[in-house]
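Reader: Please show me the two chains. Then I will ask about them piece by piece.

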Amino acid sequence: MSESWLLFKRNLSDFWRVFRRNRMGMTGAVLVLVAVLVAVFAPLLSPYDPATVIRDEAGRGLTFAPPSVHTPLGTDDAGRDVWTQLVYGARISLMVGFLAGFIAMFVGSLLGILAGYFGGWIDNLLMRITDVLLVIPDLPLMLVLVATLRQMELKVSPLAVLILVIGLLYWTSTARLVRSQVLSIKERQFVARARAIGAGHIHIIRKHILPQIMPLIVANTVLILSTAILIESGLAFLGLGDPTQPSWGTMLNFAFDRNAISNGAWWFYLPPGLAIVWVSLGCVLLGNVLEEMLNPRLTGHHLEGEARVQPAPLESAGQASGEAAHV
Amino acid sequence: MSEFPLLRVRHLSTDFLLPADKRIARALEDVSFDVHPGETVGLVGESGCGKTTALLSILRLLPANARISGQVFFKGVDLMALSEKSMRDYRWRELAIVFQGAMNALNPVMRVGEQIREAITLHGLLPPDQAETRVGELLEMVGIPKERGSQYPFQYSGGMRQRAMIAMALACSPSILFADEPTTALDVMVQAQVLELLNDIQQRLGLAIVLVTHDLGVVAEMCDTVVVMYGGMVAENGLVDDIFNNPQHPYTQKLLESFPDLARPTESLASIPGAPPRLIEIPPGCRFEPRCHVRIEKCKTESPPLVQVGETHLAACHLLKR
């Protein structure tokens, strides 16, 4: 793993050349990139504010209006433009997903390194906490936590609560992954050498352990992002999002609450659903490819496939038999 | 031998607590020897007789399940009594080590020069710009062009990596260099180069070397004094001439016999029947007793003490007279 990371670190353009040829990885990267661009340039992509109600000539709100020139994805139950909500929703969904994902990654890596490197009671304590969190089903626990924290009327925005709950509960798999990797690296001889030159723990972790597990962390982060976005959508769909800042999950929640399906308003519930699929598919594709590229053990064996053997030219075969005859 | 010893190892014992069955493996028992400034001490013995453990115990680099007792005086300071933090200042600054199979002791994702510089800057010996020059000097000293310091270990050959490790060991101008089988896993030509390099460096820098090896040829060529270890204990300790020409301990005698002699080639090599004692069930008497060709009744029950057989020659055998 380390040698390919070296390549990655030393020569990003080389890495890019290899990556570009991977169709799956490129598809994932494009999917994610488009979503991010949409989120960043949301105001340019829509003439309306997400809260604007579209009205007809008589001044009545256009509710459940099908797609038209002015409203490419129709309107919702309150007469707001669905396309506008979709592009602004991308901001919320991606922000919550990315921030929660990064927090989870950071916590998971930190605890994994501490547990793996120091071992002993620290390892025991951290891994038992991890076990407990692994055993409790994620979604119900997060539901309860978000709902309870919401009730306590803390001075933080509902989105921050969502980010922290997802981020601080979703690190378990990362911690285990990182820990196992650290366990094997710390037995390598260059770590003993680092100790012998008089290095302290922080120096060893920073200089010798972290660079070795970086590929793992990078690939895993992308995968965690997709899960974080899915969880956010799930929680928001169940009504735990911030209604004033609707994400895609919140849009689905609205659509469900206001009978979009029985009203036949497919333009209300399909776009946010497909957007969620779009982003998480992109992350999974990208994450899998990165993992594969940075971890050669997952790719095929380098001796796999048939070696190309040049068929011997006929005349040399003739020569050989001629020589044999001489002997 | 010159004046005062640089390193005095006294009654060093190391136990490993085996986590699986809570048993204790006694890897070292009552090991004592001296290292004088500028001399080369050879630590010889079979695999598993505690040579490496002795080095790692002195440097306190053993895993957490090891229990070390005894004293190691370096310039009068007992290293075993220091805090981990002050011990860190002694490592590499005064006591450097070249590990067994040192080619694996380089971090594969760090440039070689950077790893050597790491040792210098960690102890704050030189400002960064001078450290760079020093790295170049060190590499040249071991015969590696200094431009290659910016390469990664996988771009080096095995012998070069070994020499880079020696360069790294010299980075802080230590007083003692511990070399744990510095030539195993290298081919004979490279072995000779590495030994020559060590010799050359010792003469130039005047440092003491503790050489762990099981190659008696290397010992004869390199060492001033020899410590023969068996089953975690010192069997014999003396000047290299005494050990080779006048071995007192039966194990040393057998060890020398099992080494091929160029002057008198034979069909087959002598070997010592049996195997070293298992460290979790050490016999009460002499550890060599089950394999000894001259054993007496007393050997079964009583472990022989080291006795003085010459001015600087010690051996542990019941048959020896004080």
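**Questions on the two chains**

Author: In chain A, 40% of the 327 residues are buried (20 or more other C-beta atoms within 10 Å of a residue's own; exposed is 12 or fewer, partly exposed in between; C-beta atoms are placed from the backbone). This is a predicted model: local features need pLDDT of at least 70, side-chain atom pairs count only at pLDDT 80 or more, and totals for chains, interfaces and linings use all residues. Residues are numbered from 1 along each chain as its sequence is written, while chains are lettered from A and ligands numbered from 1 in the order in which they are written.

Reader: How many helices and strands does the secondary structure of chain A come to?

Author: Helices (H or I, at least four residues) and strands (E, at least two) are DSSP runs, numbered from the N terminus. Along the sequence, the pattern of chain A reads α-α-α-α-α-α-α-α-α-α-α-α-α-α. The count is 14 helices and zero strands.

Reader: Which residues of helix 12 of chain A are buried?

Author: Helix 12 of chain A spans residues 248–257 and is mostly covered, with eight of its ten residues buried. Those buried residues pack against helix 5 (82–118), helix 11 and helix 13 (266–294) of chain A. The buried ones are Trp248(A), Gly249(A), Thr250(A), Met251(A), Leu252(A), Asn253(A), Phe254(A) and Ala255(A).

Reader: Is Asn259(A) buried, partly exposed or exposed?

Author: Asn259(A) lies in the loop between helix 12 and helix 13 of chain A. It is not a glycine, yet its phi is positive, about 55 degrees. Most residues other than glycine have a negative phi. Asn259(A) has 13 other C-beta atoms within 10 Å, so its class is partly exposed.

Reader: Is helix 9 of chain A roughly parallel or roughly antiparallel to helix 11 of chain A?

Author: The axes of helix 9 (residues 172–186) and helix 11 of chain A come within 10 Å and cross at roughly 160 degrees. Axes are lines fitted to C-alpha atoms, for helices over the stretch in contact, and angles run from 0 to 180 degrees between N-to-C directions. Angles under 35 degrees count as roughly parallel, over 145 as roughly antiparallel, 65 to 115 as roughly perpendicular and the rest as oblique. Helix 9 of chain A is therefore, relative to helix 11 of chain A, roughly antiparallel.

Reader: By class, which residues make up the contact of helix 9 of chain A with helix 11 of chain A?

Author: Contact means C-beta atoms, placed from the backbone, within 7 Å. From helix 9 of chain A come residues including Leu177(A), Val178(A) and Ile185(A), and from helix 11 of chain A residues including Ile209(A), Ile213(A) and Leu216(A). Ala, Val, Leu, Ile, Met, Phe, Trp, Tyr, Cys and Pro count as nonpolar, Asp, Glu, Lys and Arg as charged, and the others, Gly among them, as polar. The contact has nine nonpolar, four polar and one charged.

Reader: Which element gives the most to the side of chain A that touches chain B?

Author: The contact takes 19 residues from chain A and 22 residues from chain B. Helix 1 (2–10), helix 10 (189–196) and helix 11 (201–240) of chain A give two or more residues each. With six residues, the element that gives the most is helix 10 of chain A.

Reader: Which strands stand at the edges of the eight-strand sheet of chain B?

Author: This open sheet has the order 6-7-8-3-9-10-12-11, with mixed pairing. Two strands pair if DSSP finds at least two bridges between them. Each edge strand has a single partner, so one side is left without a neighbour in the sheet: these are strand 6 (95–98) and strand 11 (307–310) of chain B.

Reader: What is the bridge partner of Ile97(B) in strand 7 of chain B?

Author: Strand 6 of chain B has both faces covered, with Leu95(B) and Ile97(B) buried on one side and Ala96(B) and Val98(B) on the other. Four bridges join strand 6 to strand 7 of chain B, and the two run parallel. The partner of Ile97(B) is Phe178(B).

Reader: Is Ser173(B) buried or exposed?

Author: Ser173(B) sits in the loop between helix 5 and strand 7 of chain B. Its phi is positive, near 45 degrees, in a residue other than glycine. Ser173(B) has 11 C-beta neighbours inside 10 Å, so it counts as exposed.

Terms used:
Two residues are in contact if their C-beta atoms, placed from the backbone, lie within 7 Å.
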